[in-house]
Amino acid sequence: MVLTPGVGARPETNPQDDERRARERQRVKEAQEGNVAAYEELYRDNVGRVYGLCLRLAGDATLAEELTQDVFVRAWQKLGGFRGASAFSTWLYPIAVNTALSERRSRARRSSRFLATDDLEAFERPERPPGPERGIDLERALSQLPPGARAIFVLHDIEGFKHGEIAQRTGVATGTSKAQLHRARRLLREALGR
Amino acid sequence: MNCEGFRQQLDDYVDGLLPEREHQDAELHLGSCADCRVEERRLRVFLAEASGLRREAQPGRDLWPGIAERIEPRAKLLRFVRRGGWLVGVAAAAAVVFALVQARPRPGALPAGAELRPVAAGSVDIERAEAEYVRATNQLLQALNASRGSMSPEAQKEMAELETSVNAIDDALRDVKRALETDPQNNKLNRMLASTHQKKIDLLLKLIRLSSQI
């Protein structure tokens, strides 16, 4: 089964210029030949998206940093199989999701960790329009969700994955994914008074 | 459909996951219920906010040095393979084998009483070719060894087996050469030397295949 990556579900609004894509293809080719500097460029271009996802799924900044490093190491190991049929980010993103979910599953029985308030600063940006606190409120409420419901909410409502894809990646049934999503939405709306 | 039934299906309705008939029922209810229209609107606003959350975040420290350290061994291997160092090794090994086979007297080809020429195993050209071959093989082995951490369990197992084979072949080569020093015109020993080199070429090719998989 061929999975549609989350980024495909929400296409880039800016198609980017051919020059950037050509440069990315060149960097991929160089990295495939062992050029670490070229791979570093690919890392710099994509670390924000990968870390953002890992932070939401892990709920912990330190763990998210470790996961982000794991994602780029795994991607490096798999890079030889990347044929350039899609953008590098489109190819990279499923690796990030799988890495983060895999870690989440492995520690699910051990503990439940919560996003520290300071971690939320990573999502803040100076150019936010007036009233940005709503976003932070939602982030804070999201961090308080049970890990399973949080992961499915993040993947479905923020990242744009479909239930079938989520079920495959998380190992839960499609019905469970839907039930967890509805639960997450209800809990969040209750927490936010909406 | 009443309000309770509608609220139970609201998420699927908003997500467009209701079957056609149930979707139409929900639409009919919405058209006649102001409270449910408010609830539907609230959910849509909430979901729009969620989908608009920023998807990028910056880590609190530079993560690259830790990544660079972990990917360097494989990078080294890739650079080695791309440079074609192994090709030199294969070519040198092939030259060794070719020279040995050419130097080996064919059975029955020599007239009675003719003097056998010394074998070429000890010639300077072959020694140089062999040294290059050994160098290339060792480089490849070192690079593969450095990449062991990123290998699959299957590849690690294959790597261990290949290493064992390399050692066994090198031992065999040493033994044959030692024997040839005392009996340089021994055809059997010369054939053995050539076939042992051929085995090492085969092994080198396996190592190259392994390196391309990791």
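Predicted model: local features only at pLDDT ≥ 70, side-chain atom pairs only at ≥ 80, totals over all residues.
Chain A has nine helices and zero strands. Chain B has eight helices and zero strands. Chain B, read from its N terminus, runs α-α-α-α-α-α-α-α.

The table sets out some values for each chain.

| Chain | Residues | Buried residues | Contacts joining residues at least 24 apart, among those between residues at least 6 apart in sequence |
|---|---|---|---|
| Chain A | 194 residues | 40% buried | 70% of contacts |
| Chain B | 214 residues | 22% buried | 76% of contacts |

**The nonpolar cores**

In soluble globular proteins, nonpolar side chains tend to be buried together. The largest nonpolar core in this model has 61 residues. Which residues have the most contacts inside this core? They are A:Val50, A:Cys54, A:Ala96, A:Ala100, A:Ile152 and A:Phe153. Helix H3 of chain A, residues 36-58, supplies the largest share of the core, 12 residues.

There is also a second, separate core of five residues. Its members include B:Phe6, B:Leu10, B:Tyr13 and B:Ala26.

Now look at A:Ala96. Leaving out residues up to four places away in sequence, A:Ala96 touches A:Val50, A:Leu53, A:Cys54 and A:Val71.

**Two helices that cross in chain A**

Two packed helices are described by the angle between their axes and the distance between the axes. Take H3(A) and helix H4 of chain A, residues 61-78. Their axes come within 8 Å and cross at roughly 135°.

Find the contact by its residues. On the H3(A) side are A:Tyr39, A:Tyr43, A:Val47, A:Val50, A:Tyr51, A:Cys54, A:Leu55 and A:Ala58. They meet A:Ala61, A:Leu63, A:Ala64, A:Leu67, A:Thr68, A:Val71, A:Phe72 and A:Trp76 in H4(A). What is the make-up of this contact, in nonpolar, polar and charged residues? There are 15 nonpolar residues, one polar and no charged.

Some of these names have come up before. A:Val50 and A:Cys54 are among the residues with the most contacts inside the largest core. A:Val71, on the H4(A) side, is one of the residues that A:Ala96 touches.

**Where the chains meet**

Next, the interface. Here 30 residues of chain B are in contact with 32 residues of chain A. Two helices of chain B, H3 (34-51) and H4 (64-83), each supply at least two residues of the side that touches chain A. H4(B) gives the largest share of that side, 12 residues. The side of chain B that touches chain A divides into 13 nonpolar, five polar and 12 charged residues.

**One residue in chain B**

Finally, pick out B:Lys177. This residue is found in helix H7 of chain B, residues 153-182. Is B:Lys177 buried or partly exposed? B:Lys177 has 15 other C-beta atoms within 10 Å, so it is partly exposed. A buried residue would need 20 or more, and an exposed one 12 or fewer. B:Lys177 and B:Met192 are 15 residues apart in sequence. In space they are 9.8 Å apart, C-alpha to C-alpha.

Note on methods
Residues numbered from 1 in each chain as written. Chains lettered and ligands numbered in written order. Contact = placed C-beta atoms within 7 Å. Helix = DSSP H or I, 4+ residues; strand = E, 2+ residues; numbered from the N terminus. Nonpolar A, V, L, I, M, F, W, Y, C, P; charged D, E, K, R; others polar. Core = buried A, V, L, I, M, F, W, Y, C linked by C-beta atoms within 7 Å. Axes fitted to C-alpha atoms, helices over the stretch in contact; angles between N-to-C directions.
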